[in-house]
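The sequence and the structure are shown below.

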Amino acid sequence: MFSDSKILAAAALALSVGAGTAQAGVCDAAFMHDGGAVQLTGKGNLALGADLAFSEVSKTNGDNCRARVNGVATFSYAGLPPGKSKLDYLMTVKAGQATFVKYENAGEKPNSEGQFDLRMLGLFAYDGKLAAGQKLPGSSFRLRIGKEAPVGGSPATTVHISQKTVGNKQALDTALGKETCFPVRYERNSDPTMATFKSLTIPIPGINSTVTDWYCPAVNMVMKQDIDQQGMKSTVEITKLN
């Protein structure tokens with residue numbers, strides 16, 4: 001059985017889009033309201049799934065809000081038995097940066113290590129001002145893996161994002177119907193590390209991937225991500241959004 005921190009650390013590795021990329025206001029997302037929901041479905045070598053529900057939402061503006069996020073996440077990799085975890089977190093977004101603390105501990109100050117950029121979820125990667133042939137700068141960031149937040153604590157790995165290339169718009173079937181979307185391709189590599197879960201220390205190998213984000217301007221979101229890990233294909237896409 002996988003811990004919730006392991007599942008969401010893997011989620012971040014699978015869906016991370018790199019820090020420093022322009023984005024729309026996180027708190028203006030279509031699902032950021034009481035009763036909002038997002039379903040992520042993955043298939044292939046890396047199979048990530050999550051059913052997330054949003055409640056107790058309060059907003060100041062597009063970059064500052066808070067919400068209770070609960071649901072169930074599942075994860076399997078390279079044929080390993082799937083894990084499942086229930087999630088219940090208080091999410092606070094300040095200046096586009098999100099912190100998570102378990103809801104039962106919501107009165108406590110989150111550990112400074114237990115923070116991550118909400119852009120890692122792959123939903124808010126681009127600002128809508130894309131054009132075919134455009135080059136976007138690469139980046140790198142530290143991804144911390146811990147116990148009290150979905151992504152936080154230590155140890156950590158470094159994720160390297162290459163320069164991104166925007167392709168020609170293409171029609172894409174999405175959960176919201178047919179959209180016209182930009183394929184944005186890049187290389188994403190992570191350094192190997194070690195992690196301890198429930199007193200068991202295991203190696204986490206470096207992962208080298210070619211990634212295509214399918215960014216759909218009409219909904220201002222990445223609705224699908226294709227991942228090629230040296231011939232091993234995976235797909236993660238939003239299959240429900242409201």
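A polar contact is a pair of N or O atoms within 3.5 Å; within protein, one must be able to donate a hydrogen and the other to accept it, and residues adjacent in sequence count only if both atoms are side-chain atoms. The model is predicted, so local features need pLDDT of at least 70 and side-chain atom pairs count only at pLDDT 80 or more, while totals for chains, interfaces and linings use all residues. Residues are numbered from 1 along each chain as its sequence is written, and side-chain values use heavy atoms, with hydrogens and water left out.

Arg-68 is located in strand 3, strands being DSSP runs of E with at least two residues, numbered from the N terminus. Its side chain forms a polar contact of 3.5 Å with that of Glu-56. Beyond residues up to four places away in sequence, Arg-68 touches residues including Phe-54, Asp-88 and Tyr-103, where contact means heavy atoms within 4.5 Å.

Two charges sit over rings (NZ of Lys or CZ of Arg within 6 Å of the ring centre and within 35 degrees of the ring normal):

| Charged residue | Ring | Distance from ring centre |
|---|---|---|
| Arg-68 | Tyr-103 | 3.6 Å |
| Lys-164 | Tyr-186 | 4.5 Å |

A nonpolar core is a set of buried Ala, Val, Leu, Ile, Met, Phe, Trp, Tyr and Cys residues joined through side-chain atoms within 4.5 Å; buried means under 20% relative accessible area (1.4 Å probe, protein chains only). The largest has 28 residues, of which Phe-31, Met-32, Phe-54 and Met-91 touch the most other members. Apart from it lies another core of 13 residues, including Phe-141 and Val-211.

Technical notes. Buried means under 20% relative accessible area, exposed over 50%, partly exposed in between (1.4 Å probe, protein chains only). Helices (H or I, at least four residues) and strands (E, at least two) are DSSP runs, numbered from the N terminus.
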